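Trainee: Please take a close look at the aromatic rings and the nonpolar packing, and describe them in one connected account.

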Amino acid sequence: MSESDKEKQKIYYPLPELAENARIKSMDQYREMWKKSVENPREFWAEEAKMVDWFEPYKEVWTGSTPEDFVGKWFVGGKLNVCYNCVDRWVEKGYGDAKSLIWMGEDDTLKEFTFSELKDAVSKTANALKSLGIKKGDRVCLWLPMVSELAITMLACARIGAIHSIVFGGFSAESVKDRIDDSQCKVLVVADQVMRAGRPRPMKDNLKGIIETCPSIEHVAVVKVTGDENVYKYEKDVDFTALVAEQSTECPCEPMDAEDPLFILYTSGTTGKPKGVVHTTAGYLVYGMSTNKYVWDYSCLIDLKGDTVEGRDVWYCTADIGWITGHTQIIYSPLALGAKTVMYEGVPTWPHKGRFWEICEKLGVTHFYTAPTAIRALMKYGEEPVNKFDLSKLKMLGTVGEVCNWPEWKWYWEVVGKGTTGEKPVGRPIVDSYWQTETGSYMMVNLGAITPMKPGSCTFPFFGINPVLLDEDGNKVTKSMTQAYFAYDMPWPGLMRTVWGDHERFVKTYLTKFPGHYFTGDYAQIDDDGYYFILGRSDDVIKVSGHRLGSAEVEAAINSHEAVAESAVCPYPHPVKGSTIFAYVTLMTGVEPTEELKKEIQKHVRTTAGPAVYPEIIMFSDALPKTRSGKIMRRVLKAIATQSDIGNTMTLANPEVVQHLIDERKKLGEIKF
Ligand code: WTA
């Protein structure tokens with residue numbers, strides 16, 4: 001075994017002092033509590049639900065039955081408001097002057113909202129939405145960069161019971177349209193422009209000609225970010241910044257039913273049409289709070305853990321709010337716990353390579369949560385940009401979105417966390433959180449203060465979660481280090497309830513392959529010590545820089561180029577992004593396959609699907625490997641792209657195409673990034 005392999009397989013321990021003050025102090029306590037939580041989930045979740053201030057108490061913790069009604073209903077009959085729990089209650093309890101959301105701009109502007117200030121800002125925005133005719137149950141689409149108005153508008157929606165649908169800023173105007181149409185949004189909130197690395201970039205301009213084709217939209221509410229007068233104007237435009245400014249700070253919180261939808265968030269699946277994942281009010285809130293409290297163990301208003309109100313820990317999650325991580329881990333869970341939560345406008349490498357660490361120093365960050373792709377991007381620059389800053393306040397680190405592999409794990413542990421090496425390495429824990437848009441919050445995760453870590457493993461299940469590994473026929477796989485389908489055999493409050501407008505699709509996608517289970521779509525394995533390792537997707541979802549993209553969506557964007565007859569994409573390993581997109585493109589008869597055309601197709605995809613969706617490698621091919629039923633064999637495409645063993649091609653309708661593709665791939669040679 002090489003030195004590195006030995007290091008990789010060691011157990012790493014969190015700093016012992018973290019356990020002293022932790023809510024859960026030992027692994028024995030964790031195991032006992034976990035056992036109880038899965039044996040009697042109703043009791044466990046009833047206890048956790050006490051963290052919420054209810055307008056009316058719920059009557060039953062869970063009604064459902066497996067396998068018939070796996071999801072069921074949670075906290076049945078309860079009335080509450082998520083915004084009230086995140087904001088108002090802290091003011092009413094006398095913490096109005098305590099800091100809540102700390103927003104930092106690219107240009108170092110700091111907006112540190114106290115809970116009172118946040119309440120006023122959210123109330124004004126909620127009144128502005130009301131003045132545009134938005135009522136309980138209406139859908140509002142938010143397409144905004146990481147400005148404070150994004151956080152405030154989502155809370156404003158929650159306040160009045162409107163359902164927000166946030167679209168990641170890196171997606172295209174067409175994606176915004178698809179999502180608006182699917183859930184019939186009445187208002188679109190959008191920024192005039194975006195600031196990126198010191199320069200204004202277009203945002204609203206991209207809607208030109210597209211927003212006109214969204215009949216459900218009654219108003220386009222424009223947030224002034226740069227105030228540039230030249231951005232595209234549309235007759236349904238409203239100056240949202242001005243409208244908000246003139247509103248009153250009085251706006252009651254709408255009492256919502258526990259099962260009322262809180263938001264829709266679209267996510268990629270196996271078909272070209274993104275799924276509108278629906279999360280509810282009570283279950284999502286309770287699950288998010290519970291996971292954050294036990295995993296990160298930060299001091300917050302729910303439990304100061306000996307700290308003063310101002311001396312509370314500082315939580316910084318670097319995700320974009322356009323993804324589930326931003327929803328759950330920047331806004332809803334930390335604020336509902338009464339934590340100080342940091343939201344940063346910009347990218348990690350501008351104006352310098354140490355920007356994250358500078359923010360940590362400046363704001364006294366104690367808990368830092370990012371993605372492996374960000375770590376890989378930063379480790380290229382070595383230790384110097386990290387060491388320039390004082391990171392002594394940091395207590396815990398964390399990752400999400402993909403496997404945190406050994407090189408980046410080691411760098412994070414040693415360079416950022418200053419963890420020791422040697423026989424029994426000790427340091428700031430790296431929380432490896434495994435979850436999905438669909439699951440609301442963490443499913444498999446280490447409790448930062450106490451769980452011994454293995455690099456690359458998301459360790460053990462959270463409370464109330466029972467993971468199972470299954471083979472194709474649904475039999476349990478108990479053998480260690482054996483790849484299997486990853487599923488859960490009991491529901492939990494944070495699980496999505498449905499796909500917006502298509503409940504059948506929800507049931508078919510997640511609950512049908514293994515009846516009585518929720519199927520994640522991932523492969524996983526377990527080792528002899530019970531540690532779980534996620535091995536990646538079993539379906540057509542591709543993760544690029546931790547961003548979840550569907551093959552079919554990317555292909556649809558490529559196919560919409562006039563020179564393209566057909567295409568198929570697969571993931572290709574990339575040193576920073578984890579994976580990048582490798583596209584096989586068949587051109588229309590008579591079209592010349594040139595390097596220029598490749599660039600043009602790439603550009604076309606960028607504009608129609610958004611900068612987040614970029615086929616970095618294009619290979620022209622005369623045909624694609626298909627089964628007799630016409631399905632593209634993606635396994636073969638992946639193998640050809642990476643020049644690895646292709647395996648059995650017996651089921652192909654056109655096996656002769658394989659050799660052609662292998663030859664074409666050879667011509668591309670080594671791919672450098
Ligand atoms: C992957 C992100 C390994 C997984 C919160 C999952 C991970 C998909 C991890 C969901 C992790 C997420 N280790 N893989 N810690 N976290 N994944 O919906 O494939 O954007 O199914 O949610 O990301 O991606 P999503």
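Mentor: What follows takes ring pairs, then charges over rings, then nonpolar cores.

This is a predicted model, in which local features need pLDDT of at least 70 and side-chain atom pairs count only at pLDDT 80 or more, whereas totals for chains, interfaces and linings use all residues. Residues are numbered from 1 along each chain as its sequence is written, and side-chain values use heavy atoms, with hydrogens and water left out.

A pair of aromatic rings is described by the distance of the centres and the angle of the planes. Rings of Phe, Tyr and Trp (for Trp, the six-membered ring) pair if their centres lie within 6.5 Å, and the pair is stacked with planes under 30 degrees apart, edge-to-face over 60 and tilted for the rest. Searching the whole structure on these terms finds 55 aromatic pairs. One of them joins Trp 74 to Phe 75, tilted, with 6.1 Å from centre to centre and 50° between the planes. Both Trp 74 and Phe 75 are buried, where buried means under 20% relative accessible area, exposed over 50% and partly exposed in between, with a 1.4 Å probe and protein chains only. The pair of Trp 90 and Tyr 95 is also tilted, because the ring centres are 6.3 Å apart and the planes stand at 55°. In that pair Trp 90 is buried, at a relative accessible area of 2%, while Tyr 95 counts as partly exposed because its relative accessibility is 23%. Elsewhere, ring pairs build a cluster from Tyr 30, Phe 44, Trp 45, Tyr 287, Tyr 294, Phe 460, Phe 462, Phe 463 and Tyr 531.

Some rings also carry a charge over the face, meaning that NZ of Lys or CZ of Arg is within 6 Å of the ring centre and within 35 degrees of the ring normal. Lys 424 sits over Tyr 13 at 4.5 Å from the ring centre, and Arg 606 sits over Tyr 614 at 4.2 Å.

A nonpolar core is a set of buried Ala, Val, Leu, Ile, Met, Phe, Trp, Tyr and Cys residues joined through side-chain atoms within 4.5 Å. The largest core has 173 residues, of which Leu 188 and Tyr 332 touch the most other members. Setting aside neighbours within four places in sequence, Leu 188 is in contact (heavy atoms within 4.5 Å) with residues including Cys 141, Trp 143, Val 176, Ile 180, Leu 207 and His 219. A second core, separate and made of 32 residues, has Phe 368, Ala 374, Leu 378 and Tyr 412 among its members.
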